[in-house]
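This report describes selected features of one protein chain.

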Amino acid sequence: MHEAYECKTVLQKLPLHIESIDAYDEKLVVGTRQGNLLIYEVKSNGIGLEESDSSVQLVKSNKFFSKKPIIQVKVVPEQEILISLSDGVVNVHDLGGASMPLISSVKNSKGALVFSTNINTEISLTGEKAAVIRLVVAVKRKLQLYYWKSREFKELGPELLLPDTPRSIEWNDESICVGIRGEYLLLRTNGDKKELFFTGRIPEPTVSSLSDGRFVLSKDDMSIFVGPDGISFEEKVKWKEPPSSVVEDSPYLVGVLPDSLEVHSFEPWIQIQSVEAIKVKHLCSVTGKRGVLFAASPSQIWRLTSIPVHVQLPALMSEKLFGLATKLATMSDEPPEVLKNQIQRIQSIQAFDFFCQRNFKDAMTLFLQLETDPSHVIGLYPDLLPESYRSKIQYPEELPFLQGKDLENALAALIEYLTEIRRSLQGNVKSLSGPSPGSEGTHGVKTKKQLLQIIDTTLLKCYLKTNDALIASLLRLKDNYCHLEETEQVLIRYSKWGELVILYQNKGLHRKALELLKEQALKSPDLPLGNHMRTVSYLQQLGCENLDLILEFSDWVLCAHPSEGLKIFTEDVQEVEYLPRGKILDYLMRLHPHLVLPYLEHVIYSWEDTSTLFHNKLAIGYIDRITRLAIGNQPGFLSDFVGLSPIPDSEEFKSMCSSPSSVTSLTSASDSSPLIEYKRRFQFLIETSSYCSWEAVLTHIPKDVLQEERAFILGRLGRHKEALSIFVNTLNDLQGAEKYCSREYVASSNGKDVYVILLKFLLDLKDGSDGQSYLEEALRLVDSAGHRIRPEMALSLLPDGVPVEHLREYLIQALNSCGSERNLMTLLRGLLQADFLVLKHQKSSIESTKIFLKETNLCCLCQKKFTNQSAFVRLPKGLLMHYSCHQQSIQQ
């Protein structure tokens, strides 16, 4: 315990018997058994000095008011009145008069036992503060309610009935708490009544009120707190003996015991001081002022003066009563800046004590509120700050040794604290500079960047010890400030290779990251980074600015895993798609030529690149591969075949690739599958590509291979005669020639005469066995495709000796086709004629529209008027324009 008050005698051996006291300002009001009202002025010239430093002077008295004991007095300084209870009547006195004359007596208060006031401050319409005084008087078993107006108390409402005679009473807000024999009651001004609890063993119930609206009720040797709603609070004050009265002097509660005064603190509810050997009967505080109490016996009065705050604080701090110390500090008279620093200092040491007591969550909450330098908070933990830095931070006591569950809980609280600090720093440019839990002038962090660096590095270390799954998410933050060297050392020590790669990547150290990935992948596939796909994924994210790095570190992946390695340049992500394709193509052609075709296929078919260079390279690449397979017989050269992209097929293309000539040419290879696939892909490119320079591609096709593909290319160039010559004369593939004609007739704008060209070839061919022409084949072609061959051309080409009956089917088709065409032309002519008539009518209607020129009409271009000789133009929206202006606008 420590001393909160200093007790001094101010009056002793008073010849009058003291019955009641009250105090305001520096005045002490005394009511005596002899009926005297006395007011003393008590001035203090110092605190903690000799009694002679206090002066006491009687300034007012009323000796002729009553000869009955004045058992209760209450001063209302706001209205300059004094309320007293004597001879069973409540009286009101004027404090302004020298002898405190009687103003009035409260009507119907005869037989009063006790009274209580309720004083509230209200603001009037003029903005002035006014005291609203209400009075409750206990008369026998009734409560009378009054309010002060026009210098007298007037009835406020109906009387409230009680089951027994009240002994103690207090009024707060709209609730009145009454102590009767053996029980406490709570009444509302509207008449509601609630029974609270029994008084216990105390002879007389005691009711006191607190400034926050609660009541203090005594039960046995305890004081119980009850709200205006009648709900009891958990807090209780335990006294040595049952108190006869209790007075609040925040942050203390003072109780009158039989042979002493006992002082307890609010939150925590502990005994602070005991003033022994004082036979106190009455105790009161000074209205509107804290830190001064008056106690009285029948013939003596003492003043209890609060010990100065700066004297109490060291004792409270040594006893670790930080909450009480903070409350006292807020009540001191120090300048605001000094007061703020003092309170922060107390709370900082309190937070440190929380930490030492293993109350980590409350410690971090308080550190956060105080905006304490985070480096000083981190220094409370072992192995989180560099020793050279941590040694410069001082703390009030030796730090606790944390291990096991305590360490886990402490780190969890620290993580939550640092996360919140980090969030506040991200939105606040100023650095935290609150008080540290150490002594004055300890080493601290000065800049926001330093703070963030320490915070992020510490968070990483905490995650390593608690939940290492969170490390990656911290390192992936774009704005993480983890210290590179220290974080690197920690991750290597704990073998966190994946997180180390993330650190390098976030800091832009791509070479170090890629070297680590390569080292791990080549060393063993069982290592955390042993999968080559980690390198592939990393390289895919680097973008154009790191092209040299991509090419350098893709080499080992392409050599060991060509199919997956090629995804470095073909993955459908923005960074990969925007890489310079020409440079990549050149790189692949130099070092990995077997991957050129898969790369070009992806560029052309997936990314739809229209570059002639790429289309030509792909065509020439196909030619080279097919030639090597067909002539050189090198099936092993296509071991990378799985890297090729899938090619979409059409029914026509499938049928084209299944021609007899294709099958014949492919069966000559010992391993035909790659050859067939490459021919299929080359033919698909020929069919679909509109960006390939086919004239240039033709020069790369050898004369003795790819005849079918050469024919297709010639067809793309419109050279159908040469293409059909290859099918008929070189490949001897009439079925293929006919399919070629069918495709070109539909697809090509200049392919309408391909059947005529084929017909000429057939009629010119001679069969070496009998010397007869291919007349039968020509007639079959005429029958099957007669609707696509003009009759005049067919009849002019066929020999004169062909019987008409052989042309019967063809002539029927030709006549039907001509009839259909004629009908179509007739219908089309009718539709065009109808359109012509509609347009003619519209033209006539427009031309018949009259236009009236007025003087107000202006050219919409030059804003000039029209003259009688002006030629003008009327625009569709009705605007008018000079003809010359219109011609000029057209030219522009």
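## A four-stranded sheet

An open sheet is built from 4 strands in the order β19-β20-β21-β22, with antiparallel pairing; two strands pair if DSSP finds at least two bridges between them. Helices (H or I, at least four residues) and strands (E, at least two) are DSSP runs, numbered from the N terminus. At the edges lie β19 (207-209) and β22 (232-238), each of which pairs on one side only. Neighbouring strands of this sheet are turned by 30° against each other on average, direction ignored.

Strand β21 (residues 222-226) is joined to β22 over 4 bridges in the antiparallel sense. Within this pairing, I224 stands opposite K236 in β22. Strands of a sheet pair through backbone hydrogen bonds, either parallel or antiparallel.

## Basis of the model

The model is predicted: local features need pLDDT of at least 70 and side-chain atom pairs count only at pLDDT 80 or more, while totals for chains, interfaces and linings use all residues. Residues are numbered from 1 along each chain as its sequence is written, and side-chain values use heavy atoms, with hydrogens and water left out.

## The chain overall

The chain has 32 helices and 31 strands. Of its 892 residues, 47% count as buried, where buried means under 20% relative accessible area, exposed over 50%, and partly exposed in between (1.4 Å probe, protein chains only). Among contacts (heavy atoms within 4.5 Å) with a separation of 6 or more, residues 24 or more positions apart account for 52%.

## A hairpin

Strand β12 (residues 142-149) and strand β13 (residues 152-155) run antiparallel and are joined by 4 bridges. Y147 stands opposite K154 in β13. The hairpin has 2 residues between the strands, and S150 takes a positive phi near 55°.

## Packing of α26 and α27

Helix α26 (residues 720-730) packs against helix α27 (residues 734-747) at an angle of about 155°, with the axes 8 Å apart. Axes are lines fitted to C-alpha atoms, for helices over the stretch in contact, and angles run from 0 to 180 degrees between N-to-C directions. The two helices, α26 and α27, are therefore roughly antiparallel to each other, since angles over 145 degrees count as such, under 35 as roughly parallel, 65 to 115 as roughly perpendicular and the rest as oblique.

On the α26 side, H720, A723, L724, F727 and V728 meet L734, G736, A737, Y740, C741 and E744 in α27. The residues of this contact divide into 8 nonpolar, 2 polar and 1 charged. Here Ala, Val, Leu, Ile, Met, Phe, Trp, Tyr, Cys and Pro count as nonpolar, Asp, Glu, Lys and Arg as charged, and the others, Gly among them, as polar.

Helix α19 (residues 596-606) is mostly covered, with 9 of its 11 residues buried. These are V596, L597, P598, Y599, L600, E601, H602, V603 and I604. The helix α19 is followed by E608, whose phi is positive, near 55°.

K496 is found in the loop between α10 (484-493) and α11 (497-506). With a relative accessibility of 18%, K496 counts as buried. Leaving aside its neighbours within four places in sequence, K496 is in contact with L464, D468 and L491.

## Cysteines

With a disulfide defined as a pair of cysteine sulfur atoms within 2.5 Å, the count comes to 0 disulfides. C885 is in no disulfide, and the nearest cysteine sulfur, that of C862, is 3.8 Å away. C885 counts as buried at 9% relative accessibility, whereas C544 is partly exposed, with a relative accessible area of 37%.
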